[in-house]
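Colleague: I'm new to this one. Could you walk me through how to read its features?

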Amino acid sequence: MEDPKQLLEYILTPSAEIFIAGAIIVILLPILVHWYIAWSTPYTTLPSILLAGPPGGGKTSLLTLLERGDAATATHTSQTPQAVELTVSDDSGAATFREAARVDAPGSHRKFQLVDTPGHGKLRNQHAMAQLAASTLRGVIFVLDAATLDDCLADAAAYLYDVLLALQKRTGAGKTSKAPAAIHVLVAANKLDLFTALPASLVKSNLEAELGRIRKSRSKGLLDSGVGDDEVGSEEQDGWLGEYGSEKFTFRQMREFDVEIDVIGGSVLEGNVDKWWDWISERI
């Protein structure tokens, strides 16, 4: 017993060696534990769904509805992007998105981020357009007000044109022979609870017609700009949405670039977003 007693007395007796050893343990132990946890725990980046669209369409209201599950809240025009973490489940018996989004819902669960971005024209490129290059992106929900589309069709279509063109270029911008993951787009025709709202079929046809006009106008603008013929051909093709040289634009042309576009109606105010939630679930 003499050795343990001597060891204990040595440890409890103040000395420079004991202070140095204690300091090393106190400083290094947390670092080593943190390093071990960081390396032993796999880090996963959640897939994301991007909310885009002109201001007043209902993007932020949709985000709060899906996050809280009870009812959409009154919101103001967003100035900065915001993201929430949500969960989807493979519960085939769920009747509504509220049941399928529950943490205790049956089936396997998958988490994702829903990213809301400002719709103001001066903030789009800074936020929404920058998000389109993210490797975690699985889909884009383009939310618009179907009740006032006739009044804001030009702005909504111009924004959608830029989004689709960015996704089209993304397909051919891969640094490897492997093509980037296909990105699908949902045009969410919101506010169908209002009498003046256009049905999804009319929203689709109106957008296609306006996108075709924008495509033709931008192409003509290049020709009138005085740029050389060779440069015009290259720039025109780069900025041409869909099938190059086609007379009319249709969403179906985007399939060539692995961009599938669905137009589905709903109402955030009435909580009628189950079809939109099903669309999200298929992308995650």
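Colleague: Which residues of the largest nonpolar core touch the most other members?

Modeller: First, a note on the model: it is predicted, so local features need pLDDT of at least 70 and side-chain atom pairs pLDDT 80 or more, while totals for chains, interfaces and linings use all residues. Residues are numbered from 1 along each chain as its sequence is written, and side-chain values use heavy atoms, leaving out hydrogens and water. A nonpolar core is a set of buried Ala, Val, Leu, Ile, Met, Phe, Trp, Tyr and Cys residues joined through side-chain atoms within 4.5 Å. Buried means under 20% relative accessible area, exposed over 50%, and partly exposed in between, using a 1.4 Å probe and protein chains only. Here the largest core has 42 residues, and Val-140, Leu-164, Val-203, Leu-207 and Phe-251 touch the most other members.

Colleague: Which helices and strands each supply at least two residues of this core?

Modeller: Helices (H or I, at least four residues) and strands (E, at least two) are DSSP runs numbered from the N terminus. The strands are E1 (48-52), E4 (137-145), E5 (184-190) and E6 (261-265), and the helices are H5 (128-131), H6 (149-171) and H7 (200-223). H6 gives the most, with 11 residues.

Colleague: Where is Val-140 found, and is Val-140 buried or exposed?

Modeller: Val-140 sits in strand E4 and counts as buried because its relative accessibility is 0%. Contact means heavy atoms within 4.5 Å.

Modeller: By the distance of the centres and the angle of the planes. Rings of Phe, Tyr and Trp (its six-membered ring) pair if their centres lie within 6.5 Å; planes under 30 degrees apart count as stacked, over 60 as edge-to-face and the rest as tilted. This structure holds 4 such pairs. One of them joins Trp-240 and Tyr-244, edge-to-face at 5.4 Å centre to centre and 75 degrees between the planes. Trp-240 is buried, at 11% relative accessible area, while Tyr-244 is partly exposed, at 41%. Phe-249 and Phe-251 are also edge-to-face, because their planes stand at 90 degrees, with centres 5.9 Å apart. Both Phe-249 and Phe-251 are buried.

Colleague: What does Phe-251 touch?

Modeller: Not counting residues up to four places away in sequence, Phe-251 touches Leu-160, Leu-164, Lys-204, Leu-207, Glu-208, Leu-211, Ile-261 and Val-263.
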